[in-house]
Amino acid sequence: MIVRPYQHWFPRLFSWHGAVLSKILFRLSLNLMMAVFAVICFQWYETLGIRLTTAPFSLLGVAIAIFLGFRNSASYARFVEARTLWGGLLIAQRSLLRQAKGALRRDPAAVKEFGDMLMAFSWSLKHQLRGTDSSEDIRRLAPESVRDEVLASPFRTNRLLLCMGAWLADRREEGAISDLLYNGMDANLNELAHILGGCERISNTPIPFAYSLIVHRTVYLFCTLLPFALVADLHYMTPLVSVFISYTFLSLESLAEELEDPFGIAANDLPLDAICNTTERLLSEMSDLSPLPAVHQPDAKFNLI
Amino acid sequence: MIVRPYQHWFPRLFSWHGAVLSKILFRLSLNLMMAVFAVICFQWYETLGIRLTTAPFSLLGVAIAIFLGFRNSASYARFVEARTLWGGLLIAQRSLLRQAKGALRRDPAAVKEFGDMLMAFSWSLKHQLRGTDSSEDIRRLAPESVRDEVLASPFRTNRLLLCMGAWLADRREEGAISDLLYNGMDANLNELAHILGGCERISNTPIPFAYSLIVHRTVYLFCTLLPFALVADLHYMTPLVSVFISYTFLSLESLAEELEDPFGIAANDLPLDAICNTTERLLSEMSDLSPLPAVHQPDAKFNLI
Amino acid sequence: MIVRPYQHWFPRLFSWHGAVLSKILFRLSLNLMMAVFAVICFQWYETLGIRLTTAPFSLLGVAIAIFLGFRNSASYARFVEARTLWGGLLIAQRSLLRQAKGALRRDPAAVKEFGDMLMAFSWSLKHQLRGTDSSEDIRRLAPESVRDEVLASPFRTNRLLLCMGAWLADRREEGAISDLLYNGMDANLNELAHILGGCERISNTPIPFAYSLIVHRTVYLFCTLLPFALVADLHYMTPLVSVFISYTFLSLESLAEELEDPFGIAANDLPLDAICNTTERLLSEMSDLSPLPAVHQPDAKFNLI
Amino acid sequence: MIVRPYQHWFPRLFSWHGAVLSKILFRLSLNLMMAVFAVICFQWYETLGIRLTTAPFSLLGVAIAIFLGFRNSASYARFVEARTLWGGLLIAQRSLLRQAKGALRRDPAAVKEFGDMLMAFSWSLKHQLRGTDSSEDIRRLAPESVRDEVLASPFRTNRLLLCMGAWLADRREEGAISDLLYNGMDANLNELAHILGGCERISNTPIPFAYSLIVHRTVYLFCTLLPFALVADLHYMTPLVSVFISYTFLSLESLAEELEDPFGIAANDLPLDAICNTTERLLSEMSDLSPLPAVHQPDAKFNLI
Amino acid sequence: MIVRPYQHWFPRLFSWHGAVLSKILFRLSLNLMMAVFAVICFQWYETLGIRLTTAPFSLLGVAIAIFLGFRNSASYARFVEARTLWGGLLIAQRSLLRQAKGALRRDPAAVKEFGDMLMAFSWSLKHQLRGTDSSEDIRRLAPESVRDEVLASPFRTNRLLLCMGAWLADRREEGAISDLLYNGMDANLNELAHILGGCERISNTPIPFAYSLIVHRTVYLFCTLLPFALVADLHYMTPLVSVFISYTFLSLESLAEELEDPFGIAANDLPLDAICNTTERLLSEMSDLSPLPAVHQPDAKFNLI
């Protein structure tokens, strides 16, 4: 069922990385032009006593590589944390549905209501994180009893959580759920609250802007000056080597920017649509619904289970 | 609702990074002057047998970059931990209010009292961490029953926690809150205690001073001597390259200093005002208050939900 | 009982690392040929004004080494997390069986049923993660009562978890398991759910493809150009040094790719068969079964307990 | 209330870092002398065919910087963990006192007894970790009922924990503390046990000695040979550059050694006295004692709350 | 009571590090011989057009240093995790004994039986991890009631855990331990199960062999070729510098190998004997036994409490 990523590296090469490549293509062309310019004018401006050598650029390049390495790690850590939160979301949803199903064997309607709120929760969170409109998905999934309340709230995902808490409290007041089970399910609702809060935190607070900016600036300036430093040594080979070195630095810097905001819709961000769709399918299967919701357009960044 | 940071990079460029830039601008000017001095006097002092070459400065520059990289990571880790603690604060506050609301359906006055203490808690913590006077916000938010006790205490945030604990114990003695729910809410109060303690720890114990100092000193000395090492190779280009390399090192060192104390009011520190304001709005919305408190001046470092 | 790895380094040298070596052998041969070509043609193409020097390649090589170092760390972190999840699986399985055995002293048949589901769980998870067919192992191990239900489900491992939850609920309804113990066992079932979810997350979401790709590409291009940069300095020694440097970079890059997907069947991936087999033996011993299931073919990457 | 560290960098410059500086001052003088010696004798010993160049020392210097960077991170991680444990200690103590105060409203004497044991615990732990005699502080703080038992034990901090456990069990047997609260307080006592164990672990097991030693040795040897490698390039500037590079490496190595044992009394170690004093003041304030214990001599490394 | 490690650095210099040094002494001698050979034959083979220069070796050396740095971190992380697990073991054992003592005040015989199983557990785990025979220690410590069952099992440490679980269940059935306390003690038994599983995981799954091997191989080959690259620059100083650089790389690589398997008996591995002995003494003191078991031969790597 699982498709190993390296089986598809070739076709993905263009779709995925294309995004990073297209962003830096303009800068690489600029770099190429400057390198050609450096090769052509080298002998002329050298007579003016203007010269750049490789040595200080070696020092600078290594220093920038070190800072870029740490900055990439920080961005990647955000990506991993975001993915772990969404992984924990599926785990909590499955556990909640298993607990509800086990407790309310004689009330499938209530279980379905709860399952629908669970599914609506992940779609609503996705829309909140991406800044898109969740109305359609909430109308499609949220049970009628809470639909209007959720749609009216400015903080819809949190409101859905409130409604699940109320549903749980109602079941307990009815006596359908014992105190013991209530405790277990409440712990999983708390888990949902933690996931919501964690995603909001990642989404609301970017890496300190000055950090991104300093690295960004120095990388760009470094690549701009590089051809002039290389030309004395490399002459005709300057464009090749200069574009190669620039590609290494620019592409990693550009990727770090993409990963920093893992909930975006850039090529390397999290495939939230595919994850929400899988969640919906898994929860539906657990409720023995049939047929299962259709699989979305396959997503290159996500292996279906 | 969420504004992606890269949509605004240009306008932010000056407001944010300006803080770091203005701090190091004097040093960069100094560096520029020394570079010009080196270019002018180079031929004269070389005749005295004084010369500096790039090679040892390459070694030193890379070594300093490595140490600076680790030091930046340590500062950034403090920033991330501080942000995570404040994210956890919002999560715990929402959970506590949800639990209180669920338990005391017939006593909205008591719920409001509790919600007010929750809001006062985050403002009081903010003032404590920044060393500013919390009296105004406590008078505005803390319920009358505890206001004087809190204002009289030298440790106000902790005292608010004590009062919430007493409120909870009172509700339980009244029988309004069952043992089971008491346990769940007490766990969330413990979470508040952990967050308070964690913030105090970050705020009270800086990164060992010698660590900051050694890196700071070597970066500054390195940048001061750099022009004299570059001039033999680069001649007229010395000022350009020297200022560029200095900018890379000085700006990252300066940023590390800013991030080390994430509760400060420097440009890259945590936007505690915006966070407290958002918390107040979210908790008010959960209590179905209307109108919600006004949104503070939008903050460049924080995306409103 | 435990075999220390360094006692066997020599024989393992070929079986294990062979996998990485065979993958890069073609590239190393290519590199060797290019180095020989560079040595032969050096004097001819130098007259055309084409030259490459070591200095920019030093800078580039160190930068790539830094990025490769971080990328290796990210891959290794996935490997370690995957191993920790499988280690936690064994811990949870042992605890569950201990609890079941302690609670149902008078119903060994039910304990055996539960133990069989536990064993089936790890084999099923292994097949799910590797994309192989779990039918045989499920038929061999899953108790008759749930066999068909599990085989019919598209998400078999999760379904096994559901069945264990139902078994536990049934025991509690019978009164065989007290509320207190039910809570403790349910916590361990939640642990299984976390492990399942964690493994699915690692398996479904590779390291962002652009990250792997950029490092992969720059390493390959770097190794291809390297001989031409070295030949001016090293002449006849170019092939030796070029292949050596290429080996260092290519082998670590290739290993990072292998570790990134720790559930695969490459030589350095997790020995899931040996782990499942050990689990089966340990659980059988705890149930005082005899004889224990046979030890699988000894696995070089796993020390039997 | 909080004093930001950077407000005082200048006065602290001497008191704090002085410790690291004084340790390495002798080595730096030695380095200076060798550099002068190298400058004087350079021309003589060069005629003997003895020469050292910068290139291999660049390679070695960068390699050592990398290893030193990781070693510093390992030391700093111990420092951070130690600080977090002591931060957790204060959190657990406050929670325990809050719980005791809430439960035993009508028995202030018992609460005072418990609070005294809590205060004694942190002083006793401090003395244990520093290897100093805790008798005086235990006599001052421990309640009479347990004083002799604690003083007689070879493991006093652990014995205090045992006594708190016994106090709690007694209160529960009396019926003064319900089962529910007992559970909550026992969890916090377990937290104290974890903190005690964690501190003992850090204190008992240093970073593997060979690790410190190899880095220490190579740093010292490197600095000793450095002047001879620099002299050919730098001539009269050798002493300046050599001492500068040595300062960078020696001071960071020396600091790593200090941070490795965060419970010591070196300038950059944890200010355990100030922390214990603050704890005592905070707990006294919670018990509404007045006047509060005096603030110790202000400590440069710790901001009072 | 605590002996700070730096008070003894000198005497330890030989005992500890000796192990690493003796392992690499042969390689260092070989390196010295090759350096002497390079110095002698340099002029002869240079006439054949064979030459190696420092530049590519600088690049390679820095790259290897980076990879070695990450590999060392991975090994050290295993060491730290192993130490933390053993630290957690002592914490859980103390808590269990405290709980048992508090619950069974009137049945010291049962408490002693439980304490003996706890002590046997750590010795048995030590033997399992080192692959030595645990029979003697189990006969010495395990109470008679479970001795034969434990000795007969192929998985003795796990069997001891089963027996402690059975002991606890028996006490509860007798009514000697309430449900509440049972829960608390069961949580600590689960902790023991986690520690056992964690140690087995570290012990069973080494760092992927290819990782160790690639770093090992490149370090060795690098050191072998190094003298030939240095000789053109350094001439008579080649042996000194070559052995120094080789020492730095070989000793850290050798140490990484030692730390990777922290349960071994190499000089820098965990002092499991001293830890088990301390545990036995601490638990005996808590049971007010006298005299306490003798302190083992003092261990250089472990400070007695």
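A salt bridge here is a side-chain nitrogen of Lys or Arg within 4 Å of a carboxyl oxygen of Asp or Glu. With that in hand, a search of the whole structure, which is a predicted model, finds 65 salt bridges over all chains. We will come back to a few of them after a look at how the chains are arranged.

Let's start with the copies. Two copies of a chain are related by a rotation about an axis and a shift along it. Chain D can be laid on chain E by a turn of 72 degrees and a shift of 0.0 Å along the axis, with an RMSD of 0.0 Å. These two copies are thus related as by a five-fold rotation axis. Only 7% of the interface residues of chain D are also interface residues in chain E, so these copies meet through different surfaces. Chain B can likewise be placed on chain D by a turn of 72 degrees and a shift of 0.0 Å along the axis, again with an RMSD of 0.0 Å. Here, too, the copies use different surfaces, as 7% of the contact residues of chain B recur in chain D.

Which chains do not touch? Chain B and chain C are one such pair, with their nearest C-alpha atoms 11 Å apart. Chain A and chain E are another pair that no contact joins, and their closest C-alpha atoms lie 11 Å apart.

Now for the helices. Helix H3 of chain A covers residues 108-130. H3(A) is mostly covered, with 19 of its 23 residues buried. After H3(A) comes Gly131(A), whose phi is positive, near 70 degrees.

In chain A, Ile40(A) lies in helix H1, residues 9-46, and is exposed because its relative accessible area, 64%, is over 50%. Together with Leu32(A) and Val36(A), Ile40(A) forms a nonpolar patch on the surface, with about 270 Å² of accessible area in total. In chain D, Trp44(D) belongs to helix H1 and is exposed as well, with a relative accessible area of 57%. Trp44(D) and Thr218(D) are 174 residues apart in sequence, and their C-alpha atoms are 28 Å apart in space.

Side chains of opposite charge can pair when their charged atoms come close. In chain B, Glu260(B) pairs with Arg71(B), their closest N and O atoms being 3.2 Å apart. This pair links distant parts of the chain, with Glu260(B) in helix H9 and Arg71(B) in helix H2, 189 residues apart. Glu260(B) is buried at 6% relative accessible area, and Arg71(B) is buried at 0%.

Another salt bridge has Arg105(D) and Asp170(B) as partners, with closest N and O atoms 3.5 Å apart. Arg105(D) lies in the loop between helix H2 and helix H3 of chain D and Asp170(B) in helix H6 of chain B, so the pair joins two chains. Arg105(D) is partly exposed at 39%, as is Asp170(B) at 30%.

Finally, Asp273(D) and Lys126(D) meet in a salt bridge of 2.8 Å, N to O. Asp273(D) is in helix H10 and Lys126(D) in helix H3 of chain D, 147 residues apart. Asp273(D) is partly exposed at 28% relative accessibility, whereas Lys126(D) is buried at 6%. In chain A, salt bridges that share partners join Lys126(A), Arg130(A) and Asp273(A) into one network.

Definitions and conventions
Residues numbered from 1 in each chain as written. Chains lettered and ligands numbered in written order. Predicted model: local features only at pLDDT ≥ 70, side-chain atom pairs only at ≥ 80, totals over all residues. Heavy atoms only, no water. Helix = DSSP H or I, 4+ residues; strand = E, 2+ residues; numbered from the N terminus. Expected span 1.5 Å × (residues − 1). Buried < 20%, exposed > 50% of the residue type's maximum accessible area, 1.4 Å probe, protein only. Least-squares fit on C-alpha atoms with pLDDT ≥ 70 in both. Contact = heavy atoms within 4.5 Å. Patch = residues over 30% accessible without salt bridge, like charges linked within 9 Å, V, L, I, M, F, W, Y side chains within 5 Å. Areas by Shrake-Rupley, 256 points an atom, 1.4 Å probe, with all protein chains shown as cover.
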